[in-house]
Amino acid sequence: PGSDADPPIVLKLGGSLITEKDRPETLDGDALDAACDAVAGALADGAVERLVVVHGGGSFGHHHASEHGVSTTTGTDDAVAVTDIHGAMAELNRAVLDRLQERGVPAVPVHPLSLSARPDGVDGDLDLPLSSTVTLLGEGFVPVLHGDGVATAGEGVTVVSGDELVVELAVGLGARRVGVCSTVPGVLDGDGAVLPSIDSFESVADALGASDATDVSGGMAAKVRELLALDAPAYVFGAAGLAPFLRGEDAGTRID
Ligand code: IP8
């Protein structure tokens, strides 16, 4: 194990990768097992020493959030709704932890609802204290965070996405590398081909605009913009890219 100052790798496992997106509260067990195999292998052979995992909501969080009309910008003051959304995410988190632990990974939960806030409202910054994550890393654990509810001034509780957590963690922990593993093999150009690398937003704005038309959350363009702003190199890749990424190789699209 390295010193406490060793920068960690931050890895997001997309909700659409590890769950069956169209069936409420259903895991994609095969995909989750394959991802956990890759993580366990990289830790066991020393390719990765310090790792923080973040997972998305998939058919757990998003199902409950939409049922209660809650999003990243619209909150709820209904305690039952908050408990529902958080409970579904905690259940998914438990499944991720179980499968990592079965493979010998010292994975432990870090629940953003209990830690984080938007003290200045929906448009304000996310406050994500990192001392628990930093100390867990120093003690040899693999912290596993997840998209969750988050206390938001003036809105009750809104949703914090896994992508937002990845960016906060990467900046706050001074991550060495950032990986976003989902069901797409990388950032695609207008013709559906994986872009090997992106070093400026302008160079890909048109291609991303085109693919955004089919992305209800408008996700990829915003994601690329945020990942470009990080000091650490970031990679967006599919399931087949996870093991190479963890070995330190290029995978999918490199955003740097
Ligand atoms: O799947 C959202 O996380 P994401 C989590 O990373 C909830 O956007 C609670 C819907």
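This is a predicted model: local features need pLDDT of at least 70, side-chain atom pairs count only at pLDDT 80 or more; totals for chains, interfaces and linings use all residues.
Residues are numbered from 1 along each chain as its sequence is written, and side-chain values use heavy atoms, with hydrogens and water left out.

Reader: Which residues are around the ligand?

Author: A residue is taken as near a molecule if one of its heavy atoms lies within 4 Å of it. The shell divides into three nonpolar, seven polar and two charged residues, where Ala, Val, Leu, Ile, Met, Phe, Trp, Tyr, Cys and Pro count as nonpolar, Asp, Glu, Lys and Arg as charged, and the others, Gly among them, as polar. The residues around the ligand are Lys12, Gly56, Gly57, Gly61, His62, Ile85, Met89, Gly147, Asp148, Val159, Ser161 and Gly162.

Reader: At what distance from an oxygen atom of the ligand does a backbone N or O atom of Gly162 lie?

Author: A polar contact is a pair of N or O atoms within 3.5 Å; within protein, one must be able to donate a hydrogen and the other to accept it, and residues adjacent in sequence count only if both atoms are side-chain atoms. A backbone N or O atom of Gly57 lies 2.8 Å from an oxygen atom of the ligand, and an N or O atom in the side chain of His62 is 2.8 Å from a ligand oxygen atom. For the backbone N or O atom of Gly162, the distance to an oxygen atom of the ligand is 2.7 Å.

Reader: How much of the accessible area that the ligand has on its own does the protein cover?

Author: Accessible areas come from the Shrake-Rupley method with a 1.4 Å probe, and for residues only the protein chains shown count as cover. On its own, the ligand has 330 Å² of accessible area, and the part of this that the protein covers is 92%.

Reader: Which elements give two or more residues to the shell around the ligand?

Author: Helices (H or I, at least four residues) and strands (E, at least two) are DSSP runs, numbered from the N terminus. The elements that give two or more residues to this shell are helix H3 (58-67) and helix H4 (79-102).

Reader: Is Ser59 buried or exposed?

Author: Ser59 is found in helix H3, and a polar atom of its side chain lies 3.0 Å from the backbone oxygen of Arg23. A polar atom of the Ser59 side chain also lies 3.3 Å from the backbone nitrogen of Thr26. Buried means under 20% relative accessible area, exposed over 50% and partly exposed in between, with a 1.4 Å probe and protein chains only. Because its relative accessible area is 2%, Ser59 is buried.

Reader: With which side chain does the side chain of His55 make a polar contact?

Author: His55 has its place in strand S2 (residues 51-55), and it counts as buried because its relative accessibility is 0%. At 3.1 Å, the polar contact of the His55 side chain is with the side chain of Asn93.

Reader: What is the phi of Glu25?

Author: Most residues other than glycine have a negative phi. Glu25 lies in the loop between helix H1 (15-18) and helix H2 (29-44), and at 31% relative accessibility it counts as partly exposed. Although Glu25 is not a glycine, its phi is positive, at about 50°.

Reader: Which residues of H8 are buried?

Author: Helix H8 (residues 219-228) is mostly covered, with seven of its ten residues buried. These buried residues are Gly219, Met220, Ala221, Lys223, Val224, Leu227 and Leu228.

Reader: Which residues do ring pairs link into a cluster?

Author: Rings of Phe, Tyr and Trp (its six-membered ring) pair if their centres lie within 6.5 Å; planes under 30 degrees apart count as stacked, over 60 as edge-to-face and the rest as tilted. The structure holds two aromatic pairs. The cluster linked by ring pairs consists of Tyr235, Phe237 and Phe245.

Reader: Over the face of which residue does Arg225 lie?

Author: A charge sits over a ring if NZ of Lys or CZ of Arg is within 6 Å of the ring centre and within 35 degrees of the ring normal. At 4.0 Å from the ring centre, Arg225 lies over the face of Phe201.
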